[in-house]
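Visitor: I have a model open and would like to go through it piece by piece. Can you walk me through it?

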Amino acid sequence: MEVYLAQPRGFCAGVVRAIEIVERALEKYGPPVYVRHEIVHNKYVVESLKAKGAIFVEDLSEVPPLAVTVFSAHGVARSVEEEAAARGLPVLNATCPLVTKVHNQGKRYMSKGRTLVLIGHAGHPEVEGTMGQVPGPVLLVQNVDEVAALTLPTDAPLAYITQTTLSVDDTKDIIAALQAKFTDIQGPDIRDICYATQNRQSAVRDLSKLVDVILVVGAANSSNSNRLREIGTEVGVASYLIADGSELNPDWLKDAKAVGITAGASAPEVLVDDVIEALRRIGPVKVSVLPGREENIEFRLPAELTAG
């Protein structure tokens, strides 16, 4: 069986930075280090950090006084930052710099008196963090129908920002609907969209031209991993989201001559290897990596972890 690996796949620079922040904090300060929300949406990553001494909590009230606290890659609301400051918690902020950029764009648009629209998924921690960072009401839209339901005057000064785990393709119809409905609207440059989301989605489209089945390695609660699976399905290739090799169903591969594998931005390569091993247990495989975009982006760590 031919197995093709998408390129790029797996960890993005924001995820690498977030995990490294927790690991370095454990080395520097010793366990336990408290992390608010899953550092990234991947059970394997979370469990391996737990084994090293990280404790994951959903609320700062669960963090003891003066305990080192890490904010996850998805970002947090200002109220969370203020609560941590009021309690004097030493905080390491692992928010992805691209998420922080969206927060800053939102604040800038609002400071100019524009009503802010956020394109994203309700309930996602990044969306909750962004809505809680901007000093004023934010209108969340998830699809074109929700744009149609907005009751603002058509000449109201408006601006939009987007969740980083959505690509240009995910948002273009919603942006077009906003631009068609409102006459005074601004938004970020298309180049501001998260490079990692866009690259992984483009790679899946390339992969889909060569294979009969696509396996997306990622967590069920990972927005970008789910989207990769959806794209495979949309272009007509049977696509499945699996956490690791144990979830591989041999029935999926019955008539498949070529299988494609990719991984969401929070899934480590060790899980891709695990899926390849599971395929090998079914029969002989030949693995090739598709040509794709090389990603050389690195994000700096917080100064307190790099000093001394």
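Visitor: Which strands does α1 lie across?
Guide: α1 lies across β2, β3, β4 and β5, and runs at about 155° to β5. Axes here are lines fitted to C-alpha atoms, for helices over the stretch in contact, and angles run from 0 to 180 degrees between N-to-C directions. Helices (H or I, at least four residues) and strands (E, at least two) are DSSP runs, numbered from the N terminus.

Visitor: Before going on, what am I looking at?
Guide: This is a predicted model, where local features need pLDDT of at least 70, side-chain atom pairs count only at pLDDT 80 or more, and totals for chains, interfaces and linings use all residues. Residues are numbered from 1 along each chain as its sequence is written, and side-chain values use heavy atoms, with hydrogens and water left out.

Visitor: OK. In what order do the strands of the open sheet come?
Guide: The order is β3-β2-β4-β5, 4 strands with parallel pairing. Two strands count as paired if DSSP finds at least two bridges between them. β3 and β5 (91-93) are the edge strands, each pairing on one side only. On average, neighbouring strands of this sheet are turned by 25° against each other, direction ignored.

Visitor: How many bridges between β4 and β5?
Guide: 3 bridges, in the parallel sense, with β4 covering residues 69-71. Within that pair, F71 stands opposite N93 of β5.

Visitor: Now the packing. Which residues touch the most other members of the largest nonpolar core?
Guide: V22, I39, V40, L49 and V70, out of 32 residues in that core. A nonpolar core is a set of buried Ala, Val, Leu, Ile, Met, Phe, Trp, Tyr and Cys residues joined through side-chain atoms within 4.5 Å. Buried means under 20% relative accessible area, exposed over 50%, and partly exposed in between (1.4 Å probe, protein chains only).

Visitor: Which elements supply it?
Guide: At least two residues each come from α1 (13-29), β2 (33-36), α2 (43-52), β3 (54-57), α4 (97-111) and α8. α1 gives the largest share, 8 residues. Apart from this core lies another one of 20 residues, including V217, L248, A263 and A278.

Visitor: And what does L49 touch?
Guide: Leaving out residues up to four places away in sequence, L49 touches I19, V22, E23, L26, I39, A54 and F56. Contact means heavy atoms within 4.5 Å.

Visitor: Switching to β8. Is that strand buried or exposed?
Guide: β8 (residues 158-162) is mostly covered, with 5 of its 5 residues buried.

Visitor: What does β8 pair with?
Guide: β8 pairs with β6 (residues 115-119) in the parallel sense over 5 bridges, and T115 stands opposite L158 there. β8 is also joined by 2 bridges to β9 (residues 185-186), again running parallel. In that pairing L158 stands opposite I185.

Visitor: And which helix goes with β8 and β9 in a β-α-β unit?
Guide: Helix α7 (residues 168-181), and the unit is right-handed. A crossover is right-handed if, with the strands pointing away from the viewer, the path from the first strand over the helix to the second runs clockwise.

Visitor: Backbone next. Where are the cis peptide bonds?
Guide: One is from Q7 to P8, with omega near 0°, and P8 sits in the loop between β1 (2-5) and α1. Another is from P31 to P32, with omega near -5°, and P32 belongs to the loop between α1 and β2.

Visitor: Last one. What does N199 touch?
Guide: P8, R293 and E295, not counting residues up to four places away in sequence. N199 is part of helix α8 (residues 195-208) and is buried, with a relative accessible area of 9%. The side chains of N199 and R293 are joined by a polar contact of 3.3 Å. A polar contact is a pair of N or O atoms within 3.5 Å; within protein, one must be able to donate a hydrogen and the other to accept it, and residues adjacent in sequence count only if both atoms are side-chain atoms.
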